[in-house]
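Colleague: I would like to learn how to read helix packing and charged pairs in a model. Could you take me through one?

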Amino acid sequence: GHYPTQASTVDLNIALDGLRSLIAGTIGETVEVRWQLQAAPATVRIAQAHVAQVLLNLVLNARDAMPDGGRLTIGTRYLARADEDARASGGPWVRLHVEDTGLGMSEEVRRQAFEPFFSTKGPGRGTGLGLSICRGIAEQAGGLITVTSSPGSGTTVFVYLPWVEADTTVAAPASPPPSTPPRAAAKV
């Protein structure tokens, strides 16, 4: 389906939840997917299409890093202050993390990972890690993206997006009518 590319106030947990079946179909049978979506409000300003694009890029990278299978963890966390996480200053943030148990990257590869078209797959295979696209999307939304990895111990990508107040101007979905008619006001 088409997602709007206009930035709007999105609950990242709900947006990610809606991508579960897509991710399950993408990741294949040999990888176990664990979801760790935090209950705290994860409202950010971003285009829905960009959430899908970032997650798909990161999941495809993780899949490619785990040719023999493994575990993929997708989670969110609300960070009220940056001191909860040294990688990002300021805040509050909503942090998305995508973690794999795959081959991992050397420091040299990790440093180049955000360069457009940089690929670990060799010439002619894929257009790179897609991390430059992810970084562009994160920065456009006022956030940032970092990667931690070492060979043999997997890779974790953290995407930080500025937390925003839930948008009250957007009409809530219509609630179903109550099953019993409301009582008439008592006559005085």
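Predicted model: local features only at pLDDT ≥ 70, side-chain atom pairs only at ≥ 80, totals over all residues.

Colleague: Let's begin with helix H2. Which residues of H2 are buried?

Modeller: In H2, which covers residues 20–27, the buried ones are Ile23, Thr26 and Ile27. Looking down the axis of H2, these buried residues fall within an arc of 90 degrees, so they line one face of the helix.

Colleague: And what does the face turned away from the buried side of H2 carry?

Modeller: That face has the exposed residues Ser21 and Gly25.

Colleague: What do the buried residues of H2 pack against?

Modeller: They pack against three elements: strand E2 (31–36), helix H3 (48–65) and strand E4 (70–79).

Colleague: Now for helix pairs. How should I describe two helices that pack together?

Modeller: Two packed helices are described by the angle between their axes and by the distance between those axes. Take H2 and H3: their axes cross at roughly 25 degrees and come within 10 Å. Angles under 35 degrees count as roughly parallel, and H2 and H3 are therefore roughly parallel to each other. The contact is made by Leu22, Ile23, Thr26 and Ile27 on the H2 side, and by Leu55, Leu56, Val59, Leu60 and Arg63 on the H3 side.

Colleague: In which hand does H2 pass H3?

Modeller: The crossing of H2 and H3 is right-handed.

Colleague: How do H3 and helix H5 pack?

Modeller: H5 spans residues 131–140, and its axis lies 9 Å from that of H3, at an angle of about 150 degrees. That makes H3 roughly antiparallel to H5, since angles over 145 degrees are counted that way. Here H3 passes H5 in a left-handed crossing.

Colleague: Which residues of H3 and H5 meet?

Modeller: From H3 come His50, Gln53, Val54, Asn57, Leu58 and Asn61, and from H5 come Leu131, Ile133, Cys134, Ile137 and Gln140.

Colleague: On to charges. Why might two charged side chains pair?

Modeller: Side chains of opposite charge can pair when their charged atoms come close. A search of the whole structure finds 5 salt bridges. One of them joins Asp17 and Arg20, with the closest N and O atoms 2.5 Å apart. Asp17 is partly exposed at 40% relative accessible area, and Arg20 is partly exposed too, at 34%.

Colleague: What does Arg63 pair with, and at what N to O distance?

Modeller: Arg63 forms a salt bridge with Asp64, at 3.6 Å from N to O. Arg63 is partly exposed, with 33% relative accessibility, and Asp64 is also partly exposed, at 36%. You have seen Arg63 already, among the H3 residues in contact with H2.

Colleague: What about Glu107 and Arg111: how far apart are their closest N and O atoms?

Modeller: They are 3.8 Å apart, in a salt bridge. Glu107 and Arg111 sit 4 residues apart in helix H4 (residues 107–112), so about one helical turn separates them. Glu107 is partly exposed at 39% relative accessibility, whereas Arg111 is exposed at 56%.

Colleague: Which residues are linked with Glu107 and Arg111 in a network?

Modeller: Arg110 joins them: Glu107, Arg110 and Arg111 are linked in a network of salt bridges.

Technical notes: Residues numbered from 1 in each chain as written. Heavy atoms only, no water. Buried < 20%, exposed > 50% of the residue type's maximum accessible area, 1.4 Å probe, protein only. Helix = DSSP H or I, 4+ residues; strand = E, 2+ residues; numbered from the N terminus. Arc of directions from axis to C-beta. Contact = heavy atoms within 4.5 Å. Salt bridge = Lys/Arg side-chain N within 4 Å of Asp/Glu carboxyl O. Axes fitted to C-alpha atoms, helices over the stretch in contact; angles between N-to-C directions. Parallel < 35°, antiparallel > 145°, perpendicular 65-115°, else oblique. Left-handed = near helix turned anticlockwise from the far one by under 90°.
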